[in-house]
Amino acid sequence: MLSSKSNPEATEKKVALTFDDGSDTVYTVSILEILKAYGVKATFFLTGENMEQYPEVVKKIYREGHEVGNHGYNHVRLSKLTKENVYSNQINKTAVIFKEILGFSPRLYRPPYGAITKEQIKYLEKKGYLQVRWLSDSLDWDPRENAPEKILYRIVTELKNGGIVLLHSGRGDRSNTVTALPRIIEELGSKGYQFCTVSEMPGEDYFSHISS
Ligand SMILES: [Zn+2]
């Protein structure tokens, strides 16, 4: 059994698995089962519209000890909107849904497609939000690239001393992600990685800070 608990005495190679686009009752739930079986904690970036549809799954994610983050309301390219619109109709709208379901709203957010402007990041930062990037894009969202062994290979080769891995748990067929997940956990575990949530990653390199 792999442990997600950090050991301060170990030379830390940490990895945060992140799953975007949930929640849903098929892939998100299968992913939760696998994470539980391996004792791994992950981070889920959820869209407001999917949370409204599957609030019980959101509660389950949180109850099982995973971190949650804001992925906007309906998966639009934020960079095409005004910063006020991004805040009101995407990030804050989703924050309200988080509050209704979980009683709090997370500070972490990730823009769909990574599409966001510096001005928008700065504006959201003033509102107390922190953008989470990724080091390794598994390409599990790309039908030409997402055979389970390709997902695994890409993650293993891109991670050198840890980082944040982008995976998906909703908005489309994520069965290859589900198939690849136990192998990802076993392979990274055998290479000495410890699994953690995004907030538990050491250093600030994974967050976008825009200084004024
Ligand atoms: Zn997404």
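This is a predicted model: local features need pLDDT of at least 70, side-chain atom pairs count only at pLDDT 80 or more; totals for chains, interfaces and linings use all residues.
**Entry 1: the end of α3**
I looked at what follows α3 and found Gly-65, with a positive phi near 90°.

**Entry 2: the faces of α3**
Which residues of α3 are buried? I noted Val-57, Val-58 and Ile-61, in a helix that runs over residues 55-63. Looking down the axis of α3, I see these buried residues fall within an arc of 105°, so they line one face of the helix. I then checked the other side of α3, where Glu-56 and Arg-63 are exposed.

Next I asked what covers the buried residues of α3.

**Entry 3: the zinc site**
Which atoms coordinate the zinc ion? I wrote down OD of Asp-21, NE2 of His-71 and NE2 of His-75, at 2.1 Å. Along the chain, the donors have the spacing D-x49-H-x3-H. Asp-21 and His-71 link distant parts of the chain, being 50 residues apart. I placed Asp-21 in strand β1 (residues 14-22), and His-71 in the loop between β3 (67-70) and α4 (83-102).

**Entry 4: accessibility at the zinc site**
Is Asp-21 buried or exposed? Asp-21 counts as buried because its relative accessibility is 2%, and the cut-off for buried is under 20%. I looked up His-71 too: at 2% relative accessibility, His-71 counts as buried.

Definitions and conventions:
Residues are numbered from 1 along each chain as its sequence is written. Side-chain values use heavy atoms; hydrogens and water are left out. Donors are N, O and S atoms within 2.8 Å of the metal (3.2 Å for Na, K and Ca); water is not among the atoms, so sites may look incomplete. Helices (H or I, at least four residues) and strands (E, at least two) are DSSP runs, numbered from the N terminus. Buried means under 20% relative accessible area, exposed over 50%, partly exposed in between (1.4 Å probe, protein chains only). The arc is that of the directions from the helix axis to the C-beta atoms. Contact means heavy atoms within 4.5 Å.
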